[in-house]
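User: Hi! Could you walk me through how the helices pack in this one? I may jump around a bit.

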Amino acid sequence: MEEKRIALVTEAGNGLGKIFADLLLEYNYKVILAAAGKSYELLTKTYVEAQDCRVIEVDFCSKDSLYELKQFLDSKFGKLDLLINNAETVNGFGQKISQIKMDEVKCLFDINFFAVLRLVKITKPLLEKGESPRIINVSSALGDINKMKDKTFCYSDYSLTAYATSKAALNMFTVLQAKEFKPSKIAIHSFDPVIREYCTYNSVTFGEDVRNEFVELIS
C-alpha cells in the first residue's frame with residue numbers, strides 16, 4: 001500500500017481548513033489541522049473519530065506554541081510533505097486611517113503573515129525530508145495591488161487595510177521564497193480560492209475549477 005503523505009493545514013477563522021482537509025484525505029494524505037479559537041472547537045467535533053486527521057490547538061501569535069507543533073510533527077512523523085498556510089483573521093472593515101486600532105493590526109499581522117514566516121522557517125528541515133515537498137500560502141486578491149487599483153475588480157472598493165496589506169506582504173514573501181527554494185526540492189505556491197462567484201459575506205464554497213487547481217497543487 002502506498003505510504004500516506006503528511007500535510008499540515010492551519011486554520012483560524014476562514015473555514016477553509018475543513019475543505020482542504022477533506023480533499024487531502026481523498027488524496028491519500030494524513031492531515032494535521034492546527035487550529036485556533038472557535039475553529040479548533042468546531043474542527044475537534046468534526047474529526048473526533050477521523051483516522052487520518054488530527055486536530056491540534058495552536059496559538060498562532062505564540063512562538064512557543066508553533067515550536068511545540070513542529071516538535072510534534074518531528075516526533076510523530078519525522079517529515080512533512082505539505083504545508084498549507086491558511087490561518088487568517090479579518091478586522092477593520094471600512095475603517096478610515098483615524099479609526100484604525102494599531103493593536104488589532106498587529107494581531108492580524110501576527111496570524112496572517114508572521115506566523116507564516118515562522119512556520120516556513122521551522123518546518124523547512126521537515127519538508128526537506130518529505131516526498132516532493134510543497135508549501136501553499138493561501139492568499140487573496142485583496143492583496144494584489146494591480147487588482148485593487150482596477151475599478152472593474154469586484155473588491156476594489158473594499159477598505160480592509162490590515163487584511164489587504166498582510167496579504168500583499170504574503171504575496172511578496174511567496175515570490176521571494178520561490179526564488180530561494182528554486183534550487184531545492186521544495187516548491188512554494190500562492191493560492192487564492194475565493195472569487196465573487198464562490199463567495200458571499202457569510203460563506204465560502206469551492207467551485208469545480210478552484211477544486212481542480214487545488215488538487216493539481218497537492219498531487
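Predicted model: local features only at pLDDT ≥ 70, side-chain atom pairs only at ≥ 80, totals over all residues.

User: Good to know. How do you describe two packed helices, in general?
Analyst: Two packed helices are described by the angle between their axes and the distance between those axes.

User: OK, then how do H4 and H6 cross, and how far apart are their axes?
Analyst: Their axes come within 8 Å and cross at roughly 15 degrees. Angles under 35 degrees count as roughly parallel, so H4 and H6 are roughly parallel to each other. The crossing of H4 and H6 is right-handed.

User: Which residues make that contact?
Analyst: On the H4 side they include Val105, Leu108, Phe109 and Phe113. H6 contributes, among others, Ala162, Tyr163, Ala169, Leu170 and Phe173.

User: And H3 with H4, what's the angle there?
Analyst: Helix H3 (residues 63-76) packs on helix H4 (residues 102-127) at about 25 degrees, and their axes are 10 Å apart. That angle makes H3 roughly parallel to H4. This crossing, of H3 and H4, is right-handed. From H3 the contact involves Lys63, Leu66, Tyr67, Leu69, Lys70, Leu73 and Asp74, and from H4 it involves Ala115, Arg118, Leu119, Ile122 and Leu126.

User: What about H1 and H7, parallel or oblique?
Analyst: Oblique. The axes of H1 (residues 16-26) and H7 (residues 208-218) come within 11 Å and cross at roughly 55 degrees. Here the crossing of H1 and H7 is right-handed. Phe20, Leu23, Leu24 and Glu26 of H1 meet Arg211, Phe214 and Ile218 of H7.

User: Switching topic: how many salt bridges are there?
Analyst: The structure holds 7 salt bridges. One of them joins Asp52 and Lys4, with the closest N and O atoms 3.5 Å apart.

User: Where do Asp52 and Lys4 lie?
Analyst: Asp52 is in the loop between helix H2 (37-46) and strand S3 (53-57), while Lys4 is in the segment before strand S1 (5-11). The pair therefore ties together parts that are 48 residues apart in sequence.

User: Last one, which residues form the nonpolar patch on the surface?
Analyst: Met172, Val175 and Leu176 form that patch, and together they have about 290 Å² of accessible area.

User: Which helix is Met172 in?
Analyst: Met172 lies in helix H6 (residues 161-181). That brings us back to H6, the helix whose axis comes within 8 Å of the axis of H4.

Note on methods: Residues numbered from 1 in each chain as written. Heavy atoms only, no water. Patch = residues over 30% accessible without salt bridge, like charges linked within 9 Å, V, L, I, M, F, W, Y side chains within 5 Å. Areas by Shrake-Rupley, 256 points an atom, 1.4 Å probe, with all protein chains shown as cover. Salt bridge = Lys/Arg side-chain N within 4 Å of Asp/Glu carboxyl O. Helix = DSSP H or I, 4+ residues; strand = E, 2+ residues; numbered from the N terminus. Axes fitted to C-alpha atoms, helices over the stretch in contact; angles between N-to-C directions. Parallel < 35°, antiparallel > 145°, perpendicular 65-115°, else oblique. Left-handed = near helix turned anticlockwise from the far one by under 90°. Contact = heavy atoms within 4.5 Å.
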